[in-house]
Amino acid sequence: MITCADDLLKAKKQGNKRLFGSRVRVNVGTSTCCLAKGAELTYNALAYGIKSGNINAELVKVGCNGMCWAEPVVEVHQPGKPKIIYGKITEKEVPRLLEAIAKNEVLADMAVARVDSEDHILVGSIDYATDGASPGHPVAKIEATDFAKTQHKVILRNAGSIDPENIDEYIARGGYFALAKALGMKPEKIVQEVTESGLRGRGGAGFPAGVKWRMCREAAGDVKYLICNVSEGEPGIGMHRSFLESDPHAVVEGLIIGGFAIGARTAYIYVRDNYRVALQRITKAVSDAREAGLLGADILKSGFCMDIIVKEGGGRYVCGEETALIACIEGNIGEPRQRPPFPTNCGLFGKPTCINNVETWANIPVIIEKGAAWYGAIGSAKSKGTKVLSLAGNISRPGMIEVDMGTKISKIIDVIGGGIPGGKKLKGIQPGGPSGGVLPASMAKLTIDYDELAAAGSMLGSGGMVIMDDSNDMVKLARYFTDFFVNESCGKCVPCREGVCRVRDMLDELIAGRSDKSVLKHFTAMAAPITKACACALGKTAMVPVTSTMKHFRGDYDSYLQ
Amino acid sequence: MAEVTWSPEGEKLFGKLLAAVPEAMRETIKPKLIQMLAQRAGSVAIDEAIIKTMVQEDLPEPQKSALMQAIGMQAPSQPAQEGPSLEWTGKSEIMFELMLGEVPEGMRAIFRGKLSAVIAQKTQSGAVTEDHVNAVVNEIVPEPFKSSILKKFKTLGDFDPAIIGEIVKRFGTSRDKLMFIMHAAQDEIGYLPREAMLAISDKTGIPVSAIYSVASFYKAFRLERTGAHHVKLCCGTACHIHDTAGVGREIETKIAASPGVSIEKTLCLGCCDCAPVVEIDGKVYKGAEAQAKIESITLA
């Protein structure tokens, strides 16, 4: 049980003992993305090898460290030596790796990077190479690698380093200290801190989080709810899943602080049904926190009571829309409703409800611990903090990354992502899910910034960045996205249900070579009512894939015209 | 058929009576009823009074009560009331409900009471088993209902409805728990059969129409049994971009040709870095591994 600051320190010690034990620590990434590449086989082979070879090592399942391109990833830390990150350790490579571990050697040809020390935003410097520097080490320092050098790990500070199913390891890296601090503050002050930090909702639209919190806090009524949105229904996004699988306690901590500040005693974490591993890990995190006394009655003797319910979703894109999500939690079909009233006044079960997405909640402990001024110094003028992106598509190093707001897209593609593979050229960028449309290569000079992308007719979305090379046909891509919107329409508003369907048919005709120039006018004519007359963002943005590709890749359309 | 004459009111009432008889039996029952009426009427025209007496005195229960009510007579002593309270085991309750499902809606309440009483007699205040319900169907239910009900029993599915009771007990009956219950039931059974939805409705009091609307709206719920292997094909953007070779379509065709394997197209599985991916029996596979796995399950 953790009931006071001393207990937290005790847990921290316990966690550090696990993280820096006397044995070799071997971390195996076991997020869904890792598992897809055979991480489970790697883990089993390692477990068997360690046991049968009597190797003095501790094998731990961790989350994803973002290096999805190098998976299965295994990290090996010999006490006192730098931590070595190995990539592509398939079952086949395990014997070699075990041999190296047993002999205290480094398997340089499989290593991706080494970590001498880590600059952790909450606990400061974490030293691995305590035996001293190792000049002439065969493996490059992580800070020197293209993949890591421009990244800034604020949200992903623990991802891939800790056992997501162990609360002590989270506490050892500064976890739940922000909660202790927050519970000693006035709720009003917490809201003010969040407002001053400039944090904007990471779900897509970028509404200031502090303003939303205040609206919900000041709304009439005793019963209020919080919701953490992990619906993530847009195709091409995986970082929320990865994050939840890697550091679930950060979300739990953010929600408890939010509950205290806003005056809510129940929070829901809405997770998509397809995310089996994420569901399992967040459920475990919630029950561990409850067992430790960090959830439930009288948290850290503050008198504040709160509980979290993990809700498995139903697998519909539209449920990422807040009113549809509320309907889903209430046990109804996920149809959005008109706003106002906004959920901050009339949300779940008709009570004031504050909905933020998982990344927004995960920012809260950092803001409380480091202060609004520290946080506000990161990022661009109007978009503060960092942004977690999942980088996918035609790119050399796909993965889960985190950069400061204001980072140039071209830098993300060329430096972090390692450019376009196969000697092809960049053609299009989808910065944030289908609703943000596709931008041409010339717009890679734009930065990750809510307002800058909005001005360019796109949106940051929740951060699923898909890179497309010049082999992609944008008309077919638009058809793919339109088909997605047809399938995901809830059917409530006619323009979305019927109109988008017609557009798909028109695209089919176009692709079949049976359309003339007039079809382009029809697309434009269809876009206006669909964009204006739908109740929710899904309908309003359903035409963006077509209109944006028509605007930027007109040549692709012309090539199909009769 | 006996030669009979009708008074105008009598003929009207007889029409009403016949309308209350389930359609499938109407042709069989009609001559029998007319014969009974002819016996009572002798040479006089059949009027309302004769029909009412016939129904009251010549018909067996539970048809008697049901038809009396259908033609607007006061049914005999405590007709449609709650039957004895029974303790159901196994699939017995669902079988009982299925049996009642064959009864026209207007008569169902009466039949429920009467049949419960028959079952109570059989069990002699013990728990109801599937055998008891089977026996009732075999002994009292006339054809063609008997065959139809027995056929339905066979397709009842192989899940134990008692689990629904347990699940509902675990989550409670409020509306916001509905999806939790449905997810749990699906995890347990593998899909959501009609009977499971009926059982959930019965235990929670949530209308079955509402349950069906939720089940059919969300893609997470499957209304049909999946194959021995279930494949989810990711339709995310990255998978779309990477699948230039048409692997997805190939998998679809392959599975369509292999009985026992089912396929579902799904929203982005969130493993965009390793596109194209498929989920096979709950595990995510990519590239060559996925194809090898598909190969192995479609051959089997």
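This is a predicted model: local features need pLDDT of at least 70, side-chain atom pairs count only at pLDDT 80 or more; totals for chains, interfaces and linings use all residues.
Residues are numbered from 1 along each chain as its sequence is written, while chains are lettered from A and ligands numbered from 1 in the order in which they are written.

**Chain B, sheet.** I found 4 strands in an open sheet, ordered β2-β1-β3-β4, with mixed pairing. For my own reference, strands (E, at least two residues) and helices (H or I, at least four) are DSSP runs numbered from the N terminus, and two strands pair if DSSP finds at least two bridges between them. β2 (261-266) and β4 (283-286) of chain B each have a single partner strand, so one side of each has no neighbour in the sheet. From one strand to the next, the twist averages 25°; axes are lines fitted to C-alpha atoms, for helices over the stretch in contact, and angles run from 0 to 180 degrees between N-to-C directions.

Next I checked β3 (residues 277-280) of chain B, which pairs with β4(B) in the antiparallel sense over 4 bridges. Glu279(B) sits opposite Val284(B) in β4(B).

**Chain B, helices on the sheet.** Helix α14 (residues 247-256) of chain B packs on the sheet and touches β1 (229-234), β2 and β3 of chain B. Contact here is when C-beta atoms, placed from the backbone, lie within 7 Å. The direction of α14 makes about 155° with that of β1(B). Helix α15 (residues 287-299) of chain B also packs there, touching β1, β2, β3 and β4 of chain B, and its direction makes about 115° with that of β4(B).

**Chain A meets chain B.** How many residues of chain A are in contact with chain B? I got 41 from chain A, against 34 residues of chain B. On the chain A side, α2 (32-36), β12 (386-393) and β16 (464-469) give two or more residues, and α2(A) has the largest share with 4 residues. By class, I noted 16 nonpolar, 16 polar and 9 charged residues on that side. Ala, Val, Leu, Ile, Met, Phe, Trp, Tyr, Cys and Pro count as nonpolar, Asp, Glu, Lys and Arg as charged, and the others, Gly among them, as polar.

Definitions and conventions. Two residues are in contact if their C-beta atoms, placed from the backbone, lie within 7 Å.
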